[in-house]
Amino acid sequence: MLQIYIMDGDFVNLLHMKHALEVAKAGSLSKASEVLLIAAPNISRSIKELEADLGITIFERTQSGMKTTPEGDEFLNFAKEILGQIDAVEQFYRAGAPKKQKFSISVPRACYISEAFANFSKTLSKEPAEIFYKETNSQRTIHNMINHDYKLGIVRYAENYDMYYKTMLEEKGFQYELITEFTYSLIMSKDNPLAAKEVINYADLAGYIEIAHADPYVPSLPVSKVVKEELPDHVIDRRIFIFERGSQFDLLSINPETFMWVSLAPKSLLERYNLVLRKCVDNRKVYKDVLIYKNGYKLSKIDRQFITALCESKRKYL
């Protein structure tokens, strides 16, 4: 039985409200009884219970029928509004609420992924949509999927940590699919002296400023060990740690002393910021980008739209 709670905890029965509105409309219990197909004594009892609950007199009983009091008129105006809203809700859901496109993904900071996301956004229909795109490290990606209901994630890690990640993902109930493998390239301003070199090695990077993201992570290993492997201090002693991708391209473009390791970048981005890509012959470490989602999760149509855009972007740049 539906009920609406009001003020200090007393409640109004919706059925009683409907009875009262019909009595007011019909002008008598007998006429309301014919419309509602309910015995007049039962309707009368509903009205009395309603008046007792509210502490007001809704109707004056006269020989000519039921007349509403000023308090009754006020209450019945509220009742019409309340019942009208309930009818609207019922019709809304019976007819089928407009479908809302929902998509959420947590990813590493990568140009080919962000371009895929931009292209994916153009495939959205005109239906209402809620889209969440979070750039972060692998640890936060996993956290977002477990604790914040992100549906998809992409984790990035060095190939030599493959066992650590696969064990952890299986323990936490994730399915995983390899997207791509790659080695990092250097991105820098065209005005950076390194851009003119035909061959770049680690030693050439000394004296320059590395733009880094500062959040390497491998499950079951101390962060200090991972940082030491991922960010070798014997070459670089100046770093700027960036957490927002937009800032890094401004830095690379404006300061010719800076460089950054990337998983390649689209030509349009390089031209926009006056940047170039260069290989470092000493850098042979292979990395993996892996798509993850929870066991039992069925990929939606919108998920597949993003994955299609991701695959197209990967084929262009990796």
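**Notes on the H1/H2 packing and the overall fold**

1. H1 passes H2 in a right-handed crossing. Bear in mind that this is a predicted model. Helix H1 covers residues 14–26 and helix H2 residues 29–36, and the two pack with their axes 8 Å apart, at an angle of about 120 degrees. That angle makes H1 oblique to H2, because 65 to 115 degrees would count as roughly perpendicular and over 145 as roughly antiparallel.

2. Who makes the contact? On the H1 side you'll find His19, Glu22, Val23 and Ala26. H2 answers with Leu29, Lys31, Ala32, Val35 and Leu36.

3. Now for Leu264. Leu264 sits in the loop that runs between strand E12 (258–262) and helix H10 (267–273).

4. Thr183 is 81 residues away along the chain, yet the C-alpha atoms of Thr183 and Leu264 are separated by 9.0 Å.

5. Stepping back to the whole protein, there are eleven helices and 14 strands. Of its 318 residues, 42% count as buried. Take the contacts between residues at least 6 apart in sequence: 73% of them join residues at least 24 apart.

6. Last, the surface. The accessible surface of the protein comes to about 17,900 Å², with carbon and sulfur atoms accounting for 52% of that area.

Notes. Residues are numbered from 1 along each chain as its sequence is written. This is a predicted model: local features need pLDDT of at least 70, side-chain atom pairs count only at pLDDT 80 or more; totals for chains, interfaces and linings use all residues. Side-chain values use heavy atoms; hydrogens and water are left out. Helices (H or I, at least four residues) and strands (E, at least two) are DSSP runs, numbered from the N terminus. Axes are lines fitted to C-alpha atoms, for helices over the stretch in contact, and angles run from 0 to 180 degrees between N-to-C directions. Angles under 35 degrees count as roughly parallel, over 145 as roughly antiparallel, 65 to 115 as roughly perpendicular and the rest as oblique. A crossing is left-handed if the near helix is turned anticlockwise from the far one by less than a right angle, and right-handed if clockwise. Contact means heavy atoms within 4.5 Å. Buried means under 20% relative accessible area, exposed over 50%, partly exposed in between (1.4 Å probe, protein chains only). Accessible areas come from the Shrake-Rupley method with a 1.4 Å probe; for residues, only the protein chains shown count as cover.
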